[in-house]
Amino acid sequence: MTTIWKCCVLLCSICLYPASYFSGRAIVTRVFDKNEMAKFSGGAVTFEPGARTYWHIHPAGQLLIVQSGTALAQEWGRKTIVLHAGDMLWCPPNVKHWHGADMNGEMVQIALTGDKEGKAVTWLEEVSDATYRQAVLDEENNQAL
C-alpha cells in the first residue's frame, strides 16, 4: 500500500525544466523514482514544437517511448532518427545524444532512465540551431532513419 501511495504522490510532481537542459519549453512529469524494486526512474515529458534537450548522456541508458506527436533524436555523429507514436528508442549507456519534438507539433514521450551510482544523466552543451535545422531537413527529405 505504501508503494502505491508514493507513486500517486510522485505522479503529481511536475517540473518545467530550466533552460540549461532544454531549448524551448519542456514539461516533465515524474511518474516514479528509482527504488528498491526498480533501478530506474520513469517520467513523461511534453515537448512543445521545436523544443529539444541539450546533448546529454545516461550512465545506465534510457528507454524512450513516444506517446504522441513526432520525435527527432540523434546520437553524436550519426543521422537523425524520426519516431512516431508507439515507437521506442534505446539510448545506450554513455552515448551522447539529444531528442525532442519536430516543428509540426507537440510531442509526448515516456522516459525510463537507468541509475548508476546515484547518477541518471550528465547534461552537456546546447544542441545548436544549425544541428536542429539539419535534423528537420533530414526528416522533411526522408533522409532520417
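How many aromatic pairs does a search of the whole structure find? I got six. My rule was that rings of Phe, Tyr and Trp (its six-membered ring) pair if their centres lie within 6.5 Å; planes under 30 degrees apart are stacked, over 60 edge-to-face, the rest tilted.

I noted that this is a predicted model, where local features need pLDDT of at least 70, side-chain atom pairs count only at pLDDT 80 or more, and totals for chains, interfaces and linings use all residues. Residues are numbered from 1 along each chain as its sequence is written, and side-chain values use heavy atoms, with hydrogens and water left out.

**Entry: F22 and F47**

I looked up F22 with F47. Their ring centres are 5.7 Å apart and the planes stand at 50 degrees, so I logged the pair as tilted. F22 is in strand β2 (residues 22-23) and F47 in strand β4 (residues 40-47), so the pair ties together parts 25 residues apart in sequence. Strands here are DSSP runs (E, at least two residues), numbered from the N terminus. F22 is buried at 7% relative accessibility, and F47 is buried at 0%. Buried means under 20% relative accessible area (1.4 Å probe, protein chains only). Ring pairs link F22 and F47 with Y21 and W123 into a cluster.

**Entry: W55, W76 and K96**

W55 is buried, at 4% relative accessible area. I then checked K96. Its charged end sits over the ring of W76, 3.7 Å from the centre. K96 also lies over the face of W55, at 5.7 Å from the ring centre. The test was NZ of Lys or CZ of Arg within 6 Å of the ring centre and within 35 degrees of the ring normal.

Conventions. Helices (H or I, at least four residues) and strands (E, at least two) are DSSP runs, numbered from the N terminus. Buried means under 20% relative accessible area, exposed over 50%, partly exposed in between (1.4 Å probe, protein chains only).
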